[in-house]
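My notes follow, entry by entry.

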Amino acid sequence: MSDSLVKARCNLFAVLRGIEYLLENDSESAEMVKGTNLSIQFIVKNGPIGNLSIKNGKGEMLEGKHKSNIVLYFTSPDHFNRMIDGKANPIPLKGFTKLGFLTGPFMKLADKLNYYLRPEGDLLKNPDYFKINTEMTAYAAFFALAEIANYDRMGKMSGKSMPDGILQVKVEDGIGIQIKVSRGNLSCTKGDHKDPRAVLSFRNLDVAHQVLNGKLDTFTGLGNGKMSMKGFIPMLDNMNPILDLVPVYLS
Amino acid sequence: MKNEIYTQEKSRELFERALKVLPTGIPGHLGPVQSQFIPTSAYPLYADRVKDSYFWDLDGNKYIDYMCAYGPNVLGYNNEIVDKAARSQYEKGNCMALPGKVQVELAELLVDTIEIADWALFMKNGGDATSFARMIAKAATGRDKAIMVEGGYHGVAPWTQPLTHAGITQADVDNNLKVPWNDVEAVERLIEKYPGQIASFMATPYDHRVFTDNQLPADGYWQKIRKICDDNGIILIIDDVRCGFRLDIEGSAKYFGFKPDLACYCKALANGYNMSAVVGVQSLKESASKIFYTGSYWSSAAPMAAAIACIKELKRIDGPKLMIKQGTKLTKGLIKAASASGLDLRISGVPSMFYMRLTNDDSLMMQQEFCAECAKRGVFFASHHNHFINCSLTDEDIEKTISVASEAFAIVANNNPHRLGK
């Protein structure tokens with residue numbers, strides 16, 4: 001069962017974080033924010049607080065309150081989730097002169113997120129689209145996984161069973177995601193760690209796509225060599241039930 | 001001399017077929033994921049035949065097997081004495097409308113063999129036995145809670161699994177209370193918190209969990225647990241499924257100097273024939289009688305005949321002593337071989353069921369590399385689990401194992417200079 005607080009955290013720190021990736025990898029998106037230098041503070045009552053800055057063509061999502069030009073307030077996690085679904089509007093508290101950015105470029109970025117995360121028709125046959133879709137989905141899934149491990153009731157049980165260390169998720173010759181586990185608390189960063197305690201690898205992007213979209217189960221992937229694992233496996237064993245919860249929050 | 005490197009094309013081909021019709025390809029603990037075949041490509045996936053301490057894979061490669069089918073191989077695969085007894089009973093009758101004479105004979109033998117046994121009941125798997133023992137405790141006490149040790153393995157019934165596992169619901173695990181191994185005070189705290197509500201304390205004779213150095217009971221641990229159980233009307237259950245007959249023929253509780261109320265057996269009971277048993281003290285016989293707990297094949301006679309032959313043979317050759325002796329010889333050799341490559345191999349647990357781990361990194365990656373290099377050269381270890389010695393393991397097998405291990409340790413050392421401070 002989805003918890004609206006956990007869903008809000010996933011939406012803010014996993015889905016909206018996708019803007020970071022978009023600005024780095026999609027030239028149209030980068031063009032939309034050319035010359036933009038501002039940051040948006042998201043404040044969700046009884047929910048997550050995060051700050052998205054867009055500066056020098058780069059995006060960065062940070063947790064907590066930071067210097068901002070625009071402040072958007074949400075009365076509840078559910079309110080924020082409805083905004084993400086396009087069914088509600090935020091309450092602006094600051095930055096009224098910059099609302100044009102929200103209704104213009106920011107909305108277009110949100111549409112781009114949707115475009116890449118929810119493939120339609122034959123879009124996946126385009127290799128460039130396929131790459132962006134899969135990499136964004138992977139980032140969203142594992143950043144959401146950390147939120148679920150820290151805030152979902154069942155996720156917390158699994159998270160607390162994960163031994164400390166760095167769990168490296170890796171697409172061979174592709175992106176890497178580090179999941180840091182410290183006393184049951186999980187945090188995610190992009191990139192590769194030089195000395196992880198456990199590693200879960202996908203042979204290529206196609207395999208990652210299959211797994212992330214429920215077309216290949218991990219047991220089969222690990223058995224036939226399309227995926228591999230090594231290191232302190234209790235980290236992976238206890239991550240798997242959390243990974244199973246990701247579709248509940250990112251459906 | 002370098003050892004031959006194996007390949008396993010036929011296993012891979014069969015596994016591809018299996019993936020189409022069997023969930024996960026190889027279900028359960030023998031699957032490549034659960035078995036920690038890391039990397040999968042280093043390991044055989046299917047066995048073609050077995051004998052004594054060896055199995056041959058589909059490609060004809062021969063392995064010295066230190067997993068022993070995860071325990072059942074105790075005398076040696078296809079032991080002629082056991083197989084003859086089973087065959088003879090098969091010819092007379094196996095699954096019949098009435099139990100065979102061997103049911104009584106096996107119960108008598110267990111009562112005569114296991115120190116605490118006043119009676120015995122039979123089933124098929126270790127999990128049948130642990131579930132039944134827990135039911136007996138509930139029937140005898142009228143209580144519903146059970147203390148278990150964190151990380152302890154008692155089978156795959158829903159009550160044995162964490163709530164986070166697929167298919168497990170809150171109701172399945174509601175009555176479980178967990179304590180750390182060797183922590184008497186934690187047990188006392190639970191008893192104080194749940195007065196008159198705890199039916200049983202269940203644990204393995206020592207802590208032989210996976211991925212972790214195994215731990216023997218601290219001095220006086222079991223004696224204190226026994227007293228706490230006595231003082232509070234709690235049934236003390238020993239899950240001797242894995243250790244049974246590898247530490248002491250009279251039961252692993254005897255080895256550690258205490259007397260449980262119930263003990264569960266399986267693995268080494270019948271040298272690979274499907275048998276498990278619960279034995280108990282006289283005062284619980286009535287409770288055991290009241291419980292309706294059975295299965296279509298639980299009275300099958302041939303596995304009981306095999307169990308009788310197996311236990312008699314283990315007694316004749318003093319199997320536990322022999323396995324501990326060979327385990328000691330092997331593990332000393334492995335430590336020396338590791339040391340020669342600058343590696344630190346830690347052995348824990350009882351030598352007949354030793355667990356081993358290279359301590360040079362805390363991720364087990366070096367251990368996984370070591371086991372994979374051994375598998376490629378015909379020695380079958382597990383990187384995550386305790387191993388099993390069987391009575392047919394020869395000095396030549398140990399010598400060959402150490403030769404392979406030496407080669408594997410050297411490769412691991414060469415691949416991991418950063419972990420060795422080089």
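This is a predicted model: local features need pLDDT of at least 70, side-chain atom pairs count only at pLDDT 80 or more; totals for chains, interfaces and linings use all residues.

I began at a strand pair: Ile64(B) stands opposite Val379(B), a residue of strand 13 of chain B. Strands and helices here are DSSP runs numbered from the N terminus (strands: E, at least two residues; helices: H or I, at least four). Strand 3 (residues 62-65) and strand 13 of chain B run parallel and are joined by two bridges. Two bridges are enough, because strands pair if DSSP finds at least two between them.

Residues are numbered from 1 along each chain as its sequence is written, while chains are lettered from A and ligands numbered from 1 in the order in which they are written.

**Entry: the four-strand sheet**

I traced the sheet that holds this pair. It is open, has four strands in the order 1-2-3-13 (chain B), and its pairing is mixed. Strand 1 (47-51) and strand 13 (379-380) of chain B are the edges; each has a single partner strand, so one side of each lacks a neighbour in the sheet.

**Entry: the seven-strand sheet**

Chain B also has an open sheet of seven strands, ordered 4-10-9-8-7-5-6, again with mixed pairing. Which strands stand at its edges? They are strand 4 (119-123) and strand 6 (176-179) of chain B, each with a single partner strand, so one side of each has no neighbour in the sheet. From one strand to the next, the twist averages 20°. Angles run from 0 to 180 degrees between N-to-C directions, and axes are lines fitted to C-alpha atoms, for helices over the stretch in contact.

Helix 3 (residues 101-113) of chain B packs on this sheet and touches strand 4 and strand 10 (276-280) of chain B. The direction of helix 3 makes about 125° with that of strand 4 of chain B. Contact means that the C-beta atoms of two residues, placed from the backbone, lie within 7 Å.

I checked two pairs inside the sheet. Strand 4 and strand 10 of chain B pair in the antiparallel sense over five bridges, with Phe122(B) opposite Ala277(B). Strand 5 (residues 145-149) and strand 7 (residues 198-203) of chain B pair in the parallel sense over four bridges. There, Met148(B) has Met202(B) as its bridge partner.

Is strand 4 of chain B mostly buried or exposed? Four of its five residues are buried, so strand 4 of chain B is largely enclosed by the rest of the structure. Buried means 20 or more other C-beta atoms within 10 Å of the residue's own, exposed means 12 or fewer, and partly exposed is in between; C-beta atoms are placed from the backbone.

**Entry: chain A against chain B**

The contact between the chains takes 19 residues from chain A and 23 residues from chain B. On the side of chain A, helix 7 (153-161), helix 9 (218-223), strand 10 (227-231) and helix 10 (233-250) give two or more residues.

**Entry: helices of chain A**

I looked at helix 7 of chain A next. Its buried residues are Gly155(A), Ser158(A) and Gly159(A). Their cover includes helix 6 (127-151), strand 8 (185-190) and helix 10 of chain A.

How do helix 6 and helix 10 of chain A cross? Their axes come within 9 Å and cross at roughly 100°. That makes helix 6 of chain A roughly perpendicular to helix 10 of chain A (65 to 115 degrees; under 35 is roughly parallel, over 145 roughly antiparallel, the rest oblique). Residues making the contact include Ala144(A) and Ile148(A) of helix 6 and Leu245(A) and Tyr249(A) of helix 10 of chain A.

Most residues other than glycine have a negative phi, and most peptide bonds are trans. I listed the exceptions I looked up.

- The peptide bond from Ile38(B) to Pro39(B) is cis, with omega near -5°. Pro39(B) lies in the loop between helix 1 (9-21) and strand 1 of chain B.
- Tyr70(B), not a glycine, has a positive phi of about 60°. Tyr70(B) is partly exposed, with 17 other C-beta atoms within 10 Å.
- Phe211(B) has a positive phi near 65°. Its place is the loop between strand 7 and helix 7 (221-232) of chain B.
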